[in-house]
Amino acid sequence: MASERSLIKPSPRNPRRVVPDVEVRICLGTGGVAAGSREVLKAFEEGFAASGVYAVIRPREDGCDGECASVTGTGCKGLCAMDPLVEVITRRDGTERKVMYGLVTPAMAGEIIERHIIGGEIIEKWLVRTDEGPTEYDSFYEAQEKLALRHVGVIDPEDIDDYLEADGYQALYRVLAEMTPAEVVDEIKGSGLRGRGGAGFSTGLKWQFAADAVSPDGAKYFICNGDEGDPGAFMDCSVLEGDPHAVFEGMAIGAYAIGASVGYVYVRAEYPLALRRLKIARAAAEERGLLGDDIMGSGFSFHVKIKEGAGAFVCGEETALMMSIEGDRGMPRLRPPFPAESGLWKRPTNINNVETLSVVPWIILNGADAFAARGYEKSKGTKVFALAGKVNRTGLAEVPMGKTLREVIYDIGGGVKKGKAFKAVQMGGPSGGCLPASLLDLPVDYETINETGAIVGSGGMIVIDEDNCIVDTARYFLRFTQQESCGKCPPCRIGTKRMLEILDKICEGRGTPEDIERLSAIAEQVRSGSLCALGGTAPNPVLTALKYFREEFEEHVVEHKCRAGACEALTTYTIDPEACTGCRACVRVCPVQAITGERKEVHVIDQELCIKCGACFEKCRFDAVRRS
Amino acid sequence: MTMDAVAGDPVESELETRFTELLDHYRGEVGALVPLLQGAQAIFGYLPQGVMARVAEAAGEPLSKALGVATFYSQFRLHPHAKHTIRCCHGTACHVSGAPLISQEIERHLGIHAGENTEDMLYTIEEVHCVGACGMAPVVMLDDRAHGKLTPDKAVQVVKAFQTVVEGSGE
């Protein structure tokens, strides 16, 4: 304990020597990079050099004579719809201005430097956010409270000093200096934190079980599950990319609490940027004595290994993940024994999700009560949601538990794209379900969402609109789970296959009313008979779709009609000769040259060639293309 | 591929050196099968049968287990793979935003299906589940670079631009 030890308090080795007059911070998360942010970053560096006014410096290493600017990359800034996002901080005469621009291209960098940075003028047309007045995007930020994402999009994830300056590793210091392992477990229990990976089990209790377990040779393991496999969820990706040290710090605190000295971070191979940043962060933390042997001189040692997944959704299941680390096929096994008793290499093992671990240092520094004061009934604290699909403001939003779906989708997300009608929000990925508009006023907490048949899951929220077919969406998830079924237990291996065949049949217009009954019956068997959660929850997308949108299934099998026009076999496109002006817009957009017609003459779609992509339907400004 | 057959070729012998180093690095380590397979694939681009046998031997496992593991995970390839990869994301956000049609158009443009190589071994198309850029859906990755907010039309354009860069560089 602390009184007997003198610990080395972590501090930045290179505190900032100078505060630059201008700081430009650019999102270099996967989404930002996809939008071209690397090119934007380069354009700013070149733009400053060309301006002749500012010298580009690295504030920890360089001094500054005259006017200086720094250009740094950060993790995800949240509002992915407006990526690349560029935050510009200018300091002049003792006042600091922060302005964020969106959809920035390399060509805009020069103008931002010229008019805003040098000229002091805010460029309204590109503005996303400023302290100086309201913008249309304020509602995206105002409802949020960032605990897990507190550093993501703010600090440079590749610079450990940035993390240390933002109170990094202070929670681990407090734990090692002032707390016993049992006190740490109690603190996390008291916070009410529940696993953010999907199941929502109490993190503190999980730690308690692993701490109480006795290992035959003393070895215990602490694993971070970064195998974020739900298609459409990217919150863990952004934490790993944007704040890797917070994950290591959370792991080290947990390892101390349960008595583990070796840990693993298991990250899917599809996240190369996250893997690279984790490796950079680990090397820096080891070099500073914040991971490895005798951390901060406390006598506590914790070594972290980084394991790259090899592409298997089922490895997100904890027993499968451990099999995979052991070098085997990632197949789940029956529990009990739970990993806390017998996990990796048959030793007591604790597994937590990325987001769960990243919030642990915050809880230690701010207290369990502060965390528990946020949230709703049995769901404490905040949760990160990934808003995607047909929503205006796609991105990441961290909100206190208990906000309603409507608040998240409409206030934060800005509603449905292109003014289309909301159909459903898909929550919980392949283990979750589609919730209709009538449930939008439900609070988002574990218990309430479970009652609907969906799950909070890892926090993916995919909005679908009138152009998406509910049967096709259910089929999409079934195809996913069917492909990803490990094959060990028959209900999942065979049941999901049969369900998928029925859904294919319905989408292709060959379905009968009996198919709907058969589908529900098999779904129930797969749900109750499968070995692990992958199979046990695989029918959820189908069961919720049947529960809330049964009439769409019935339309498919009785009238052989897809109201969304998404099921190709049930859809035809034609051109209304009355409305067609002969503008040739559809002719140009058709990818298979199925539309013919001279300018100012009525156009015709060749049904033999048409692939039913709907491009002409989207393009026509005169509503002349009809879908039926 | 047998290693003896390629002795003497400087490129092949460089690969062989790297492979031997990989085997020695992991030899005898428990649970090393997956990283060994990953390392071998990084060297050879896929997992030829002779390579699999030597991986299994170094991991102290029967070949059947190495094959079982290699076929279980979607990352591993048992056949040669084209030089450049076009990954069409089929995550949920991409799916509901039109990914199936984007895949279809790219496949039509290159004249191959997902999982196949073009005849010149320059391009292969893969369908993947979620690359984590859902905010930019629908997304296609050309090698390591993601392109977002695509339409079928735009997707073919970015692939064409990519081909111009690849083929212009003399490959």
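Chain A contains 23 helices and 21 strands. The model is predicted. Along the principal axes, the C-alpha trace of chain A spans about 85 × 65 × 40 Å. Among contacts in chain A between residues at least 6 apart in sequence, 72% link residues at least 24 apart.

The two chains touch. On the side of chain A, 46 residues are in contact with 38 residues of chain B. Several elements of chain A each supply at least two residues to this side, including helix H12 (318-325), strand S13 (382-389) and helix H17 (470-484). Helix H1 of chain A gives the most, with four residues. By class, the side of chain A that touches chain B has 25 nonpolar, 14 polar and seven charged residues.

Most peptide bonds are trans, and most residues other than glycine have a negative phi. The bond from A:Asp83 to A:Pro84 is cis, with omega near -5°. A:Pro84 sits in the loop between strands S3 and S4 of chain A. In chain B, a cis peptide bond joins B:Ala137 and B:Pro138, with omega about -10°. B:Pro138 lies in the loop between strands S2 and S3 of chain B.

A:Met296 has a positive phi of about 55°. This residue lies in the loop between helix H11 and strand S9 of chain A. A:Met296 is buried, because 20 other C-beta atoms lie within 10 Å. A:Lys418 also has a positive phi of about 55°. Its loop runs between helix H15 and strand S15 of chain A. A:Lys418 has 9 C-beta neighbours inside 10 Å and therefore counts as exposed.

Note on methods:
Residues are numbered from 1 along each chain as its sequence is written. Chains are lettered from A and ligands numbered from 1 in the order in which they are written. This is a predicted model: local features need pLDDT of at least 70, side-chain atom pairs count only at pLDDT 80 or more; totals for chains, interfaces and linings use all residues. Two residues are in contact if their C-beta atoms, placed from the backbone, lie within 7 Å. Ala, Val, Leu, Ile, Met, Phe, Trp, Tyr, Cys and Pro count as nonpolar, Asp, Glu, Lys and Arg as charged, and the others, Gly among them, as polar. A residue is buried if 20 or more other C-beta atoms lie within 10 Å of its own, exposed if 12 or fewer, and partly exposed in between; C-beta atoms are placed from the backbone.
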